[in-house]
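Here's a quick tour of a protein model with its ligands, pockets and a few single residues. Have the viewer open as you read.

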Amino acid sequence: MKLLVTGGAGFIGSNFVERRLEVHPEDHIVVLDKLTYAGRRENLEGAASDRLEFVQGDIRDRTAVSAAITGCDAVINFAAESHVDRSIETPGEFIETDVFGTYVLLDAAREAGIRHLQISTDEVYGDFSGTEGSATESSPLDPSSPYSASKAGGDLLVGAFARTYGSDALIVRASNNYGARQHPEKLIPLCILNALAGDQLPVYGDGKQVRNWLNVQDFCAAIDVVLECGATGEAYNVGGPDELENIEVVKRIIELAGGDESRIDFIEDRPGHDLRYSLSSARLEALGWKAEIGFHEGIESTFAWYRDNPQWWEPIRSGEYRDYYLSHYGQELGAGSDR
Ligand code: NAD
Ligand code: DAU
């Protein structure tokens, strides 16, 4: 196949491209990525091949999308503004990319007559703390943040295009991913890098919020299955094997880094914070997928990757992210380095 992978220079997209080219030696991939603060060309170094083409461009730009889609058999849309905290500060960018950008891609895929696979999130189902159960694909959409509302908007457009125009469009909804090359604004890399640097680890509220952690390699394998076997107009949940409180995750990272719990700062909670996410992946498991990497194994290899690849994260910790960190957390990064 020849795939158009939008947002392929980000965390999950770059892991997907690398794995896909390895597992499917006949495939060609065109990556279309705007290279926002979250996207980096270096993320695709491990995937370099004459079967990979990189185009810098915006999914909202129909001309760029039409050029990139030419000759492709399917589009996989990873491109998004992806960080909940930033969506609370600047929601407009999320609506523009995650809703309008998704529309532009859907329209181009419809015109080209090819499959559109939308990468979405468990956050569209909202808070599941009131129930023991897990979200299924027919649970109502009830997003809490501007990020999750924008992703829900994208999902609704996918359904509308399938129903109204007969587009071959479908959705995967994943729980919290972790692994190599995730931007340190997200909880796990943030805590690993702060622990390694001697900085404090910021935990929102009491840290008892529950997330359903999914190793990025398991998610990439799931995307392959849905791309190949998923039904038009349907959504497929991809949940991780473990539900953990944030505080358990943070304590495990401290243990791996060799520190103690005085390094944790309990700080003001995120507004509208969802207390629990939980996905049922039964529909996807019926197609043959199963998560293979448990959190306790996955966090060790993830910790080792960040520890062993400072050349990847040092430019981030000394760039725009420094200013973001100071303005969001009210603390300088690196303030604890002489501790
Ligand atoms: P990320 O922020 O690491 O990467 C997003 C990528 O999209 C970046 O390379 C960025 O440059 C690119 N991008 C942003 N706006 C663009 C635009 N207008 N045009 C072209 N490219 C643009 O995000 P991620 O964590 O890799 O998430 C990828 C996708 O998976 C997103 O759609 C996200 O909503 C979804 N998702 C993420 C998780 C998770 O835990 N990280 C879980 C479920 C779903
Ligand atoms: O659930 C899937 C979603 O997971 C994806 O759709 C999003 O793109 C992705 O960013 C992620 O969203 P979360 O908000 O769950 O991830 P984050 O890493 O920001 O936060 C994980 C949990 O940790 C959440 O309960 C908030 C908490 N947290 C986060 C940060 C950044 C803290 O306690 N302190 C922090 O400094």
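Which residues line the largest pocket?

## The largest pocket

The lining is made up of Glu137, Ser138, Leu141, Asp155, Leu156, Gly159, Ile171, Arg173, Gly233, Glu234, Ala235 and Arg283. Two elements give two or more residues each, namely helix 5 (146–165) and strand 6 (169–174). Helix 5 is the top contributor, with 3 residues. Helices here are DSSP runs of H or I with at least four residues, strands are E runs of at least two, and both are numbered from the N terminus. Sorted by class, the lining holds 4 nonpolar, 3 polar and 5 charged residues. For that sorting, Ala, Val, Leu, Ile, Met, Phe, Trp, Tyr, Cys and Pro are nonpolar, Asp, Glu, Lys and Arg are charged, and the others, Gly among them, are polar.

The space in this pocket is about 180 Å³. On a 1 Å grid over the protein atoms alone, a pocket is an open set of points with protein on both sides within 12 Å along at least five of seven lines, a cavity is a set where a 1.4 Å probe fits but cannot get out, and lining residues have an atom within 4 Å of a point. Points are joined across faces, edges and corners, and the volume is the space filled by probe spheres set on them.

## What you're looking at

This is a predicted model, where local features need pLDDT of at least 70, side-chain atom pairs count only at pLDDT 80 or more, and totals for chains, interfaces and linings use all residues. Residues are numbered from 1 along each chain as its sequence is written, chains are lettered from A and ligands numbered from 1 in the order written, and side-chain values use heavy atoms, leaving out hydrogens and water.

## Ligand 1

Ligand 1 has 29 residues around it, and Ile12, Asp33, Ser82, Tyr147 and Lys151 come nearest. To count as near, a residue needs a heavy atom within 4 Å. By class, that shell splits into 12 nonpolar, 13 polar and 4 charged residues. Strand 5 gives the most to it, with 3 residues.

Now for the polar contacts (pairs of N or O atoms within 3.5 Å; within protein, one must be able to donate a hydrogen and the other to accept it, and residues adjacent in sequence count only if both atoms are side-chain atoms). A nitrogen of ligand 1 is 3.1 Å from a polar backbone atom of lysine 34. On the oxygen side, one ligand 1 oxygen is 2.7 Å from a side-chain N or O atom of serine 82, and a backbone N or O atom of asparagine 177 is 2.8 Å from an oxygen of ligand 1. The protein buries 96% of the 840 Å² that ligand 1 exposes when taken alone, with areas from the Shrake-Rupley method and a 1.4 Å probe; for residues, only the protein chains shown count as cover.

## Ligand 2

Around ligand 2 there are 24 residues, with Asp122, Tyr147, Asn176, Arg270 and Tyr329 the closest. The shell divides into 9 nonpolar, 8 polar and 7 charged residues, and its largest share, 3 residues, comes from strand 8.

Serine 82 turns up again here, with a polar backbone atom 2.8 Å from a ligand 2 oxygen. Leucine 187 also has a polar backbone atom 2.8 Å from an oxygen of ligand 2. Histidine 273 uses its side chain instead, placing a polar atom 2.7 Å from a ligand 2 oxygen. Overall, the protein covers 94% of the 690 Å² of accessible area that ligand 2 has on its own.

Aspartate 85 is found in helix 3. Aspartate 85 counts as buried because its relative accessibility is 4% (buried is under 20%, exposed over 50%, partly exposed in between, with a 1.4 Å probe and protein chains only).

## Two serines

Serine 301 is in helix 10 (residues 295–308) and is partly exposed at 46%. The side chain of serine 301 reaches the backbone oxygen of glycine 298 at 3.2 Å.

Serine 262 is in the loop between helix 8 (246–257) and strand 12 (264–267), and counts as exposed at 54% relative accessibility.
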